[in-house]
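Hi,

Here is the structure I promised to pass on. Please open it first, then read my notes below.

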Amino acid sequence: ITYGSKAIPKSPFVVQVEVSIDSSKVTASGPGVEPTGLKVNKDAPFKVNTKGAGMAELTATVTDPDGKPEPVTIKKVDPENYDCVYKPKKPGKYVVTVNYGGNPIKKSPFTVQVEVEVDSTKVYATGKGVEPTGVTAGEPAPFQVHTKDAGTAELAVVIENPDKQPEPCTITPKDNGVYDCLYTPKKPGKYFVSVAYGGKQIPK
């Protein structure tokens, strides 16, 4: 800048022009930001891509079911990609918030559900319907399946009568991971009661 053919003080001025920041162009993907599929005490990784969003600071926070912060590690792989990971310590709903340049990225915050890893060895059955003796033909044979400490999975009960045909069985979920099961054997003989949790047979 000149005035009267002379440069004014501090002229010329150096001005750095940056690309505008658009956090809506930033995306996150991976198990750590998916609604389901995470397990307690297992790494929950996710990737962040900032292509076309400009240069800015990436931040990520994770809140556990009690509203407390969960540590997050952020590693810059290259100018446009980041690897992030956290490890949930308890089951429940977590909230993952990812900001770029101080603003939320696309789809942030993410709500994810964390479950206890399924362990069918912690499932057990009790009641008349699974005892070796004491069941009478034509009378209800109830039993309960207990899954409280085994994680969340599908319960399957198959009952085979003496003719090796399936016997109907009702399964009713109750509180605290307990299932009420009931079948009525139509004839005397040996019945086989098979109980599987998460696709695996429970211990006898």
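Phe143, Tyr183 and Tyr191 form one aromatic cluster. Rings of Phe, Tyr and Trp (its six-membered ring) pair if their centres lie within 6.5 Å; planes under 30 degrees apart count as stacked, over 60 as edge-to-face and the rest as tilted.

A note on the source: this is a predicted model, where local features need pLDDT of at least 70, side-chain atom pairs count only at pLDDT 80 or more, and totals for chains, interfaces and linings use all residues. Residues are numbered from 1 along each chain as its sequence is written, and side-chain values use heavy atoms, with hydrogens and water left out.

Now the pairs. A search of the whole structure gives three aromatic pairs. Phe143 and Tyr183 are edge-to-face, because their planes stand at 65°, with ring centres 6.2 Å apart. This pair links distant parts of the chain. Phe143 is in strand 14 (residues 141-146) and Tyr183 in strand 18 (residues 178-183), 40 residues apart. Strands are DSSP runs (E, at least two residues), numbered from the N terminus. Tyr183 also pairs with Tyr191. That pair is tilted, at 6.5 Å centre to centre and 35° between the planes.

Are Phe143 and Tyr183 buried or exposed? Both are buried. Buried means under 20% relative accessible area, exposed over 50%, partly exposed in between (1.4 Å probe, protein chains only). Tyr183 has 4%. Tyr191 is buried too, at 17%.

Last, Ser120. Ser120 sits in the loop between strand 12 (110-115) and strand 13 (124-126). Its relative accessibility is 8%, so Ser120 counts as buried. Leaving out residues up to four places away in sequence, Ser120 touches Tyr197, Lys200, Gln201, Ile202 and Pro203 (contact means heavy atoms within 4.5 Å).

Best wishes

Definitions and conventions
Helix = DSSP H or I, 4+ residues; strand = E, 2+ residues; numbered from the N terminus.
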